[in-house]
Every structure is written in structure tokens, then in C-alpha cells.
Amino acid sequence: MQLSLKHNLPFTTVRVSYKGDVLEIPDILVDTGSSSTVLSADFLAKINITPLAEDVLHTISGVGGSEVVFTRLIDYLQIGEKKISNFEIEIGGMDYGFQINGILGMDFLVRAGALINLQEIKIEFDS
């Protein structure tokens, strides 16, 4: 699957399913430096993923700064034809100073058997 370069970084589109509702989210950074997958709270509100009173808030930190997130177990996260079911994501504000709706982290990349070809700017998956 072809990735796109924006700000000299690899981006893709993902599909998220939660309680049967499905949403495509563009502008997702493929980030081997991130241990977890974080998606935009604004986008996920469209399929009723919102903070609940019982959610525990966590602070995550990285090169882009830190932000408060909550977690949710979703039906699946999909990129191209590769789908990982019962996948836990973090949900946050995604305010990094440029258009980004999420970060596809190592938790997904490892489980999916991702092979990232930087010369061709592609991502492929073990079968």
C-alpha cells in the first residue's frame, strides 16, 4: 500500500470500527517511534467514541510534547486490507501544529507484521 509524504513524514488512511459503526480517518502518521496508536478525539466522536465518566486519563509524552488521552477497545483498526480486531487505541486532541488525525504506532505495526519500504514509500504486511 502506498504511503503519502507530508512534511517529509509517511502518512496513510485507516479504517476504524466501533460497535458496528465504521469510519475512515485520513492523515495518520506511520510512526515507528511511537509505542502506541493515538487517534483524533474529534474524528472518533463521529462514531460515538467519547470520554466516559469511568475512563482513566493518561498523559503520554513524545517529541511533539505531551497530551492527555483515554483508551478504548475498538472492533478493529484497518489499513489497506490488513485488519487487527479487538484493538486498543488511545484517543487525544492531536494538536501538533500541522494536520494530523492520528499516529499509527508500534503496537499496530508489530501485530500486523508491517514491512515499511522507505525507498518506495510503501507499507506491506505479512499474510
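Is Lys6 buried, partly exposed or exposed? Lys6 is partly exposed, with a relative accessible area of 32%; here buried means under 20% relative accessible area, exposed over 50%, and partly exposed in between (1.4 Å probe, protein chains only). The legends below describe a predicted model, in which local features need pLDDT of at least 70 and side-chain atom pairs count only at pLDDT 80 or more, while totals for chains, interfaces and linings use all residues. Residues are numbered from 1 along each chain as its sequence is written, and side-chain values use heavy atoms, with hydrogens and water left out.

**View 1. A salt bridge joins Asp27 and Lys6.** Their side chains meet at 2.2 Å, N to O; a salt bridge is a side-chain nitrogen of Lys or Arg within 4 Å of a carboxyl oxygen of Asp or Glu. This pair links distant parts of the chain, with Asp27 in strand β3 and Lys6 in strand β1 (residues 4-6), 21 residues apart. Helices (H or I, at least four residues) and strands (E, at least two) are DSSP runs, numbered from the N terminus. Asp27 is buried, with a relative accessible area of 14%. Side chains of opposite charge can pair when their charged atoms come close.

**View 2. Arg72 and Asp55 form a salt bridge too.** The N to O distance is 3.0 Å. Arg72 sits in strand β6 and Asp55 in the loop between α1 and β5 (58-62), so you are looking at distant parts of the chain, 17 residues apart. Both Arg72 and Asp55 are buried. A search of the whole structure finds four salt bridges.

**View 3. Strands β2 and β3 make a hairpin.** The two strands pair in the antiparallel sense over seven bridges; strands count as paired if DSSP finds at least two bridges between them. Find Arg15 and you can follow its bridge to its partner in β3, Glu24. Two residues lie between the strands, and Lys19 in the turn has a positive phi of about 50°. Lys19 is exposed, with a relative accessible area of 68%. Most residues other than glycine have a negative phi, and most peptide bonds are trans. Leu29 stands opposite Ile103 in β8.

**View 4. A second hairpin is built from β9 and β10.** Strand β9 (residues 114-117) and strand β10 (residues 122-125) pair in the antiparallel sense over four bridges. Leu115 has Glu124 in β10 as its bridge partner. Four residues lie between the strands, and Ile121 in the turn has a positive phi of about 50°. Look here also for the salt bridge between the side chains of Glu120 and Lys122 (3.8 Å, N to O).

**View 5. Phe108 belongs to the largest nonpolar core.** This core has 27 residues, and those with the most contacts inside it include Phe108, Leu77 and Val16. A nonpolar core is a set of buried Ala, Val, Leu, Ile, Met, Phe, Trp, Tyr and Cys residues joined through side-chain atoms within 4.5 Å. Leaving aside its neighbours within four places in sequence, Phe108 is in contact (heavy atoms within 4.5 Å) with residues including Leu77, Ile84 and Phe125. A second, separate core of seven residues includes Phe11, Leu29, Val38 and Met94. In soluble globular proteins, nonpolar side chains tend to be buried together.
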